[in-house]
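Here are my notes on this one, written for someone opening it for the first time. Have a look at the model, then read the points in order.

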Amino acid sequence: MALYVLNCLFCLLPSFLFLLLCLVLRWPRLCCWAKLAVRAAGWRLWVFICLALELPLHSYKRTKTGELKSSEPDMLSGHTSDGPRLICKPTALARYLLQHCGSLTKAKLAGWPWGDPHLQTVSSQKCGEHGHNIQFTRDHLLLKDGGTVALDWMVGTRLSEATVQRRWDVKKEYQSGRKALGCFTSTPPVLLLIPQFWGGITPHLQLLCHQAMREGFNVVVFHHRGTAGSPLTTARLSEFGDPADLEQAVAYVHSRHPSSVLVAVSEGSGSGVLLSYLGERGSSTCLTAAAAISPVLLGQLWFESAMPPMYRWGVLFHRKMQLR
């Protein structure tokens, strides 16, 4: 009998421990201590992983609440800052932004682990919706030098009945004259997406495709030479920051939808092409608006700095697969 009771207690021990843990975590102070302990243990484990993989470790400072905040020095002054700075010429637009958009200077940088660039890189490849939910039709654009770029036009998604009904309700709401989120007009706007420089659509861009199409946009994805299955018809790949291919692609998209508003969104290293295009074309561009998500702003420093071995091997392997 005693052995039976001991076996029962042993089997119920995990449940007792779990119940005890739930009761302990109901106390605010103990719950706060537990969070700090888990965060500290995770930070030390992450330091060990970065050292083992030879990844540059970004410095953080601990706030009064125990949260790790980025303490990278300012590129110009060398001082640390709790938020981003608006670096621009003293124009009327700059003064207006500083007066009416105070969040530009007061926003706090994300703490660890959300603000770690390595974890952000991994999450951009793993988080989001899957590509098989999106249906594209491809155009191959022949460039002036004989090169070829691919333009994928989004034609639909495998949406659930609830989502289809929601799109129809929004369209009817717009047609009835009331306020609606969508842009369901006779000439809907065109969203041009520019993925990362080495090609492929990340899950974040896939999610953006879904949202844009639900709001009535025509979505087209620009793929560089030799990326995403587009043929490499020249002896050169697209160069970082060279806007010649994008300029011809924008002109082609505008010729197909001359009366539609054209906007562009780029991600990661693909932003170098978009920013160069905007800098060269200026007000003569066909784009009405543009946005760069996580761009490479200090391009020269990015090229001159040594790439961590893990990233270098990954990019090299990806390029070899493309050239094959």
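**Notes on the model**

1. Let's start with a pocket. The second largest pocket is lined by L274, L275, L278, A290, A291, A292, P295 and L297. (On a 1 Å grid over the protein atoms alone, a pocket is an open set of points where a 1.4 Å probe fits, with protein on both sides within 12 Å along at least five of seven lines; lining residues have an atom within 4 Å of a point.) Helix 9 (271-281) and strand 8 (289-293) each give at least two residues to this lining. The lining counts eight nonpolar residues, no polar and no charged ones. (Ala, Val, Leu, Ile, Met, Phe, Trp, Tyr, Cys and Pro count as nonpolar, Asp, Glu, Lys and Arg as charged, and the others, Gly among them, as polar.) The space in the second largest pocket comes to about 160 Å³, where volume is the space filled by probe spheres set on the points, which are joined across faces, edges and corners.

2. Some ground rules before going on. This is a predicted model, where local features need pLDDT of at least 70 and side-chain atom pairs count only at pLDDT 80 or more, while totals for chains, interfaces and linings use all residues. Residues are numbered from 1 along each chain as its sequence is written, and side-chain values use heavy atoms, with hydrogens and water left out.

3. The overall picture: the protein has eleven helices and eight strands. (These are DSSP runs numbered from the N terminus, helices being H or I with at least four residues and strands E with at least two.) Of the 324 residues, 30% are buried, meaning under 20% relative accessible area with a 1.4 Å probe and protein chains only, against over 50% for exposed and in between for partly exposed.

4. Now the inside. The largest nonpolar core has 20 residues, and L192, F222 and L246 touch the most other members. (A nonpolar core is a set of buried Ala, Val, Leu, Ile, Met, Phe, Trp, Tyr and Cys residues joined through side-chain atoms within 4.5 Å.) Strand 4 (148-157), strand 5 (190-194), strand 6 (218-223), helix 8 (244-256), strand 7 (262-267) and helix 9 each supply at least two residues of this core. Helix 8 brings the largest share, four residues. Apart from this core lies another, of eleven residues, including L191, L193, C209 and V263.

5. Where does H223 sit? H223 is in strand 6, and H223 is buried, at a relative accessible area of 2%. Leaving out residues up to four places away in sequence, H223 touches R138, V149, A150, D152, P195, I201 and A228, where contact means heavy atoms within 4.5 Å.

6. Back to helix 9, where S271, G272, V273, L274 and Y277 are buried. Strand 5, helix 8, strand 7 and strand 8 are among the elements covering these buried residues. After helix 9 comes G282, with a positive phi near 65°.

7. Two backbone spots deserve a look. E54, in the loop between helix 2 (28-53) and strand 1 (60-62), has a positive phi near 60° without being a glycine. S294, in the loop between strand 8 and helix 10 (299-304), is not a glycine either, yet has a positive phi of about 50°. Are they buried or exposed? E54 is exposed at 54% relative accessibility, and S294 is exposed at 55% relative accessible area.
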